[in-house]
Amino acid sequence: MCEVLAPGLAVSVLKAIFQEVHVQSLLQLDRHTVYSIITNFMGTREEELKGLGADFTFGFIQVMDGEKDPRNLLVAFQIVRDLIAKNYSLGPFVEELFEVTSCYFPIDFTPPPNDPHGIQREDLILSLRAVLASTCQFAEFLLPLLIEKMDSDLQSAKLDALQTLTACCAIYGQKELQEFLPSLWSSLRREVFQTASEKVETECLAALHALSACLSRSVLHSGTEDLLDSFLSSILQDCRHHLCEPDMKLVWPSAKLLQAAAGASLRAYHCVTCSVLPLLLEQYTKHPQSSQRRTILEMLLGFLELQQKWGPADEDESTVLSLRAPVCSVVFSALTDPSVQLQLVGIRALTVLGSLQGFLSPSDLELVVDHLIRLALRGEDSQSSEAAMEAAGSLAPIYPKVFSGRMVPRLEEELQSEREEEGSRDHHSLQQRCLQALAAVSTHTSIVRETVPVLLQHLREVQKGSEAGSAQDLVSVCQSLHRVALQCQRDEEGCWYYHQAVVPCLLGMAVQAAMQESTQPLLGKALLEEEVLAAMVPVISAATTHLSPELAAQSVSHVVPLFLDGEVSFLPQNSFPCLFQPFENGECLEAQRRLVALLMAFVCSLPRNVAIPQQDRLLRELLALSCSCNCPFTATTAAKCFAGLVNKHVEGQQLDEILQLAVNRMEPSLAEGSRRTQALTLLLWVTKALVLRYHPLSSRLTDKLLALLSDAELGPAAADGFSLLMAESPDVLHKGCHADLRIMFRQRFFTDNVPKLVQGFHGAGPDVKANYLKGLSHVLNHLPKPVLVTELPTLLSLLLEALSCSDRVVQLSTLSCLQPLLLEAPQIMSLHIDTLVTKFLSLTSSPTMVRVPPPSPPTPLSSAPSAALTPLCSRLSASPPCAVPTRSPACPQQCCSRTRLGLSEHWPSLWMTRRGWCGRRR
């Protein structure tokens with residue numbers, strides 16, 4: 001419509017509105033129409049409207065003056081922003097335009113319940129702030145207003161004023177700020193020194209930072225005063241002396257103010273640190289107490305961290321570089337202090353100093369490494385040891401030659417000497433720290449090339465040992481190797497080196513141990529234990545997931561023939577006493593079959609676009625092994641490996657045939673025989689693999705699983721299987737190993753199968769009903785919380801019945817399901833509160849539930865309306881004693897019955913109202 005108007009008509013329409021219409025006497029919708037007309041004309045007839053000059057601005061001021069509706073205000077604020085942004089003439093009406101908008105500051109608006117327009121207080125705040133901070137012409141009117149609001153007692157007004165000031169500093173210059181700087185600084189200082197609100201303090205520091213940055217941007221002309229210098233001088237004058245006070249009462253507020261100002265620019269940083277850093281170093285020397293030194297060093301650390309923002313600087317320009325020697329002395333002294341807390345701050349400071357280019361000399365670097373080795377290996381507290389290892393990992397990429405040449409050899413020596421000594425608990429602890437330190441420092445490819453051989457050699461040496469603790473020692477080495485693998489994933493070169501070095505070595509050691517187990521049962525047994533193989537799985541998986549398709553294809557061409565054909569030529573030690581045949585039958589090959597776990601770790605971590613040689617044969621061998629093996633560990637890993645491959649298999653006839661073969665093998669075994677458990681395990685993993693990718697066969701397999709819930713033998717295990725289907729598996733079938741995983745598969749599984757669970761529960765016999773409840777609770781526990789809250793009300797009656805189930809897993813799982821509903825839908829729960837009380841009282845009197853821990857996190861029943869809770873007090877007081885004989889610390893009053901004591905021990909916050917038991921304050 002606006003485009004077809006003849007030239008000049010837009011101006012005529014607006015003049016008529018400005019002169020003839022009293023807009024604020026119109027209804028809200030009509031006023032909104034006027035604002036829309038103005039907005040449309042500003043978008044299509046800008047030049048014509050600008051021809052009106054300041055009359056247009058004055059006319060709009062008259063239109064807006066007195067507006068109260070938030071819907072209209074949002075549009076009006078946008079018009080004011082456009083007036084300023086598009087350079088409309090404000091003429092002599094700058095103050096009037098400011099007054100007509102600033103009268104709403106600060107915004108005080110609470111949206112009505114069920115507001116269909118969805119306008120929030122924050123929307124109005126941000127819109128008004130954009131107006132006030134849009135032009136420097138408002139500065140002389142706005143800054144006094146902001147100072148007034150900053151000094152008010154209303155916290156929301158303080159916060160709004162501080163955030164608006166910060167926004168204004170982005171466009172202001174020293175001309176606008178000069179007159180108000182003393183008052184602004186006074187208000188900011190007072191708030192930081194006196195406020196009890198962390199939010200107010202944070203906004204004050206942000207505003208001070210913005211002021212300092214604004215003054216730093218100002219261009220100095222000859223004869224003009226440097227306002228930044230004078231502003232920082234005021235800050236230093238008011239804060240510096242607090243750093244020297246013996247009681248250190250205002251030391252932190254002062255330090256925060258100084259750091260906020262210094263962090264705004266390099267010029268501000270130099271000005272502040274020239275005055276503050278020498279003082280802090282002096283104060284550190286004067287105070288002998290560790291607690292005071294820690295406070296001073298933390299302040300020093302704050303200024304050192306700011307130096308990182310500006311990068312390298314000349315020594316003449318950098319205060320920190322000019323104070324290199326005393327700063328290093330202070331930090332090194334903190335590292336040798338007996339106080340663990342001071343050591344931790346010193347380690348953080350050391351990390352920052354190491355990140356400053358050119359700060360540490362070669363001799364300082366050697367001393368740094370020595371300190372880190374000492375703290376990592378022989379620190380009395382585990383906190384300082386772990387912090388030292390993290391620091392080494394942070395500094396190693398910056399100084400790889402120093403760490404690979406000094407730290408790695410020292411750690412290797414310590415590890416070797418500890419192997420020779422053996423036996424004591426201290427020996428084991430030191431060995432653990434050596435392994436952890438080697439892993440922590442492996443954050444650069446050149447260092448990885450040094451540490452990985454050390455770890456692998458230690459693994460070989462531990463494998464040769466026959467002591468009882470060797471299995472745990474092997475697990476410790478694998479954990480360190482896993483950490484190195486995760487750190488190598490960031491670099492393609494390091495990842496491929498690690499894969500080539502570690503995967504063949506682990507496979508070779510495992511194959512050798514399996515063959516020795518077949519011929520000489522006492523040798524290499526520790527390496528074949530389940531916990532050790534389980535620890536090797538994430539190592540191989542992490543070494544494989546980030547390989548490029550080309551390198552992964554190169555590796556898989558060796559690993560798969562190893563398991564299918566016994567091809568051992570690529571292994572580092574390929575001279576074995578017999579053939580490697582993990583898929584052949586025979587009791588003497590049981591140890592070899594256990595190594596299918598390592599095959600699973602490798603092939604299930606490959607990218608989906610990597611072709612697996614002889615995949616059909618491999619799937620058939622895995623299927624046969626999972627159904628026929630007597631060892632539960634081997635059968636389960638074979639089933640998982642089969643499922644992982646099926647999940648990534650391309651659609652087509654080959655996949656359909658292998659799945660049909662699996663179904664044909666599972667169905668008879670599930671019906672009868674001695675292999676029912678293995679068949680159920682295979683069914684669960686294959687079902688999970690297909691559920692994740694939305695395969696059509698998944699519904700058929702899920703129905704088989706549902707049918708097994710009524711089986712007396714397999715029903716409980718089948719019910720627990722629903723947890724496996726819904727939870728994320730740590731080793732296969734997750735995003736990290738490139739599984740075909742569709743979003744919202746849990747919601748789809750819920751929609752398709754929960755009605756069947758409910759129907760099956762109602763039709764089941766009393767001896768198997770618990771299986772359906774357990775399966776249902778597992779499904780609900782893994783649903784996203786928003787979905788769970790919307791679906792639970794329809795299942796509430798069934799969940800209440802589940803609380804009467806004798807299975808403790810069902811009881812706890814059901815309580816966890818009720819948790820979000822108690823929080824998010826108390827009105828719905830209040831309708832069933834009488835039943836809940838009965839169920840909970842029954843649980844607390846049950847001997848089997850006395851030592852069951854509470855749900856985590858506990859859920860307050862006090863969210864229910866008080867009218868529903870009040871009648872319960874008499875029931876709680878009159879309830880019989882429960883099975884808990886001792887008094888609980890959650891309810892210290894002597895008058896409480898043992899029933900209430902038992903309740904408060906196990907579900908304290910489920911029962912306790914905000915005023916304690918029965919309205920009594922705790």
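These legends go with a set of close-up views of the predicted model. Residues are numbered from 1 along each chain as its sequence is written, and side-chain values use heavy atoms, with hydrogens and water left out. Because this is a predicted model, local features need pLDDT of at least 70 and side-chain atom pairs count only at pLDDT 80 or more, while totals for chains, interfaces and linings use all residues.

**View 1. Helix α18 packs on helix α20.** Here α18 (residues 324-335) and α20 (residues 362-378) sit with their axes 11 Å apart, at an angle of about 15°. Helices are DSSP runs of H or I, at least four residues, numbered from the N terminus; axes are lines fitted to C-alpha atoms over the stretch in contact, and angles run from 0 to 180 degrees between N-to-C directions. The pair is therefore roughly parallel, a label for angles under 35 degrees. α18 passes α20 in a left-handed crossing, the near helix being turned anticlockwise from the far one by less than a right angle. On the α18 side, Arg 324, Cys 328, Phe 332 and Leu 335 make the contact; on the α20 side, look for Asp 364, Leu 367, Val 368, His 371, Arg 374 and Leu 375. Contact means heavy atoms within 4.5 Å. Sorted by class, that gives 6 nonpolar, 1 polar and 3 charged residues. Ala, Val, Leu, Ile, Met, Phe, Trp, Tyr, Cys and Pro count as nonpolar, Asp, Glu, Lys and Arg as charged, and the others, Gly among them, as polar.

**View 2. Helices α31 and α32 cross at roughly 145°.** The axes of α31 (residues 615-628) and α32 (residues 632-648) come within 8 Å, and this crossing is left-handed. From α31, the contact includes Leu 618, Leu 619 and Leu 622; among their partners in α32 are Ala 635, Ala 638 and Phe 642. By class, there are 12 nonpolar, 3 polar and no charged residues.

**View 3. Val 477 is buried in the model.** Val 477 lies in helix α25 (residues 470-488) and has a relative accessible area of 0%. Buried means under 20% relative accessible area, exposed over 50%, and partly exposed in between (1.4 Å probe, protein chains only). Setting aside neighbours within four places in sequence, Val 477 touches Leu 435, Leu 455, His 458 and Leu 459. Ala 439 is 38 residues away in sequence, yet its C-alpha is 9.4 Å from that of Val 477.

**View 4. Cys 495 is in no disulfide.** A search of the whole structure turns up 0 disulfides, counting any pair of cysteine sulfur atoms within 2.5 Å. The nearest cysteine sulfur to that of Cys 495 belongs to Cys 488, 7.0 Å away. Cys 495 is buried, at 4% relative accessible area.

**View 5. The buried residues of α6 pack against several helices.** In α6 (residues 94-102), Val 94, Leu 97, Phe 98, Val 100, Thr 101 and Ser 102 are buried. Their packing partners are α4 (54-64), α5 (70-85), α7 (121-132) and α8 (139-150). In the loop between α6 and α7 you'll find Pro 106; the peptide bond from Phe 105 to Pro 106 is cis, with omega near -5°.

**View 6. Asn 87 has a positive phi.** Its phi is near 60°, in a residue other than glycine. Asn 87 is in the loop between α5 and α6 and is exposed, with a relative accessible area of 65%.

Technical notes
Helix = DSSP H or I, 4+ residues; strand = E, 2+ residues; numbered from the N terminus. Parallel < 35°, antiparallel > 145°, perpendicular 65-115°, else oblique.
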